[in-house]
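Visitor: I have a structure to get through today. Can you take me around?

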Amino acid sequence: MRRDSIFYALFQQSPSLLFELLEEPPPNAQRYRFDSVAVKEPKFEIDGVFLPPESETPGVVYFCEVQFQKDDQLYERLFGESFLYFYRNRSRFNDWQSVIIYSDRATEQSETHPYRALLTSEQVHRIYLSELGEIEQLPLGVALMKLTTIDEVDTPDSARLLVARFRQEPPQERRAIMGMITTILVYKFSNLSQREAEEMLGISLKETRLYQELKEEGREEGRQEGRQEGRQEGRQEGRQEEGRSLTWRLLNRRFGESVQPFEARIAELSIAQVESLAEALLDFQSIADLESWLNNV
């Protein structure tokens with residue numbers, strides 16, 4: 001399971017999430033941005049770098065490493081990359097901090113003696129997700145991190161618990177986080193489809209972020225169509241166009257150009273049929289499933 005990509009997606013969405021793990025976050029934590037950087041001579045790739053606001057120069061740069069597999073040269077690489085980057089950008093920063101996120105203590109590098117001064121300093125923070133407490137008592141963002149470490153047997157119940165908590169959040173944020181929970185399930189259960197993950201969580205298609213984004217695009221096109229017609233007939237056509245536009249975008253996201261031969265047949269569907277297709281398409285495994293569905297309409 002590529003947990004690091006999930007963590008970095010979380011950080012990209014909410015950079016301040018990193019600082020919820022620290023006892024003394026910077027006062028400007030909400031203004032940091034997350035980035036990946038390349039350091040040349042030799043070339044290092046630093047996946048997690050949290051950059052302070054450009055208006056606050058010099059500032060403190062935070063380096064982050066998510067480690068779920070044992071690497072007995074992690075600290076050599078992390079400190080080598082971090083120090084070189086700090087050296088190359090010394091004019092931008094007046095200090096640095098490193099945060100290493102482990103699933104548990106057993107994942108940490110075995111030989112730490114050469115780095116004892118750094119590891120016990122106030123600049124290096126080692127976070128062990130297994131020791132953060134029960135998932136239902138953690139801040140929502142941190143709880144998502146914890147979800148990646150839970151046994152598969154307990155994962156569905158924990159995921160549904162988080163979904164229930166996130167339903168209290170604003171709609172846009174709720175859809176984004178629900179999408180992240182679904183992604184975690186798909187990563188953890190390799191044979192689970194996106195649709196099956198949503199069913200496991202009790203999430204309907206209409207609650208997903210992608211559906212809402214595409215629906216808004218279709219709604220705007222429908223409004224424009226209705227304004228141009230200026231009649232009830234035009235407004236009805238606008239609503240039909242909204243549904244078709246949404247479904248067509250979903251199909252394109254799923255199958256790409258291979259859906260083009262079916263455009264005319266989809267355009268002839270009624271509103272009820274289009275809505276039914278929008279619900280059904282997440283179960284499709286191939287373009288043949290779409291053709292079969294259309295043949296049975």
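Visitor: Is Asn 28 buried or exposed?
Guide: Asn 28 counts as buried because its relative accessibility is 13%; buried means under 20% relative accessible area, exposed over 50% and partly exposed in between, with a 1.4 Å probe and protein chains only. Bear in mind that this is a predicted model, in which local features need pLDDT of at least 70, side-chain atom pairs count only at pLDDT 80 or more, and totals for chains, interfaces and linings use all residues. Residues are numbered from 1 along each chain as its sequence is written, and side-chain values use heavy atoms, with hydrogens and water left out.

Visitor: Where does Asn 28 sit?
Guide: Asn 28 is in the loop between α1 (3-13) and β1 (33-39). Helices (H or I, at least four residues) and strands (E, at least two) are DSSP runs, numbered from the N terminus.

Visitor: What does Asn 28 touch?
Guide: Not counting residues up to four places away in sequence, Asn 28 touches Pro 53 and Glu 56. Contact here means heavy atoms within 4.5 Å. Asn 28 and Glu 56 are 28 residues apart along the chain, and their C-alpha atoms are separated by 9.6 Å.

Visitor: Zooming out, how many helices and strands are there in the protein?
Guide: The protein has 12 helices and five strands. It has 297 residues, of which 46% count as buried. Among contacts with a separation of 6 or more, 63% are between residues 24 or more positions apart.

Visitor: Which residues of helix α4 are buried?
Guide: Leu 140, Gly 141, Val 142, Ala 143, Leu 144, Met 145, Lys 146 and Leu 147 are buried in α4. That is eight of the eight residues of this helix, which spans residues 140-147 and is mostly covered.

Visitor: Now the strands. Why is β3 described as largely enclosed by the rest of the structure?
Guide: Because eight of the nine residues of β3 are buried. Nine bridges join β3 to β4, and the two run parallel. Strands pair if DSSP finds at least two bridges between them. In this pairing, Cys 64 stands opposite Val 99 in β4.

Visitor: What about Gln 67, buried or exposed?
Guide: Gln 67 counts as buried, since its relative accessibility is 10%. Gln 67 lies in β3, residues 59-67.

Visitor: What does the side chain of Gln 67 reach?
Guide: The backbone oxygen of Gln 69, at 2.6 Å. A polar contact is a pair of N or O atoms within 3.5 Å; within protein, one must be able to donate a hydrogen and the other to accept it, and residues adjacent in sequence count only if both atoms are side-chain atoms. Leaving out residues up to four places away in sequence, Gln 67 touches Leu 74, Arg 77, Ile 101, Tyr 102, Ser 103 and Thr 107.

Visitor: Next, a helix residue. Where is Ser 82 found?
Guide: Ser 82 is found in helix α2, residues 74-88. Its relative accessible area is 2%, so Ser 82 is buried. The side chain of Ser 82 reaches the backbone oxygen of Leu 78 at 2.7 Å.

Visitor: What is Leu 78 in contact with?
Guide: Leaving aside its neighbours within four places in sequence, Leu 78 is in contact with Glu 65 and Ile 100. Leu 78 also lies in helix α2, and Leu 78 counts as buried because its relative accessibility is 3%.

Visitor: Last topic, the pocket lining. What classes of residue does the lining of the largest pocket have?
Guide: The lining has nine nonpolar, three polar and five charged residues. Ala, Val, Leu, Ile, Met, Phe, Trp, Tyr, Cys and Pro count as nonpolar, Asp, Glu, Lys and Arg as charged, and the others, Gly among them, as polar.
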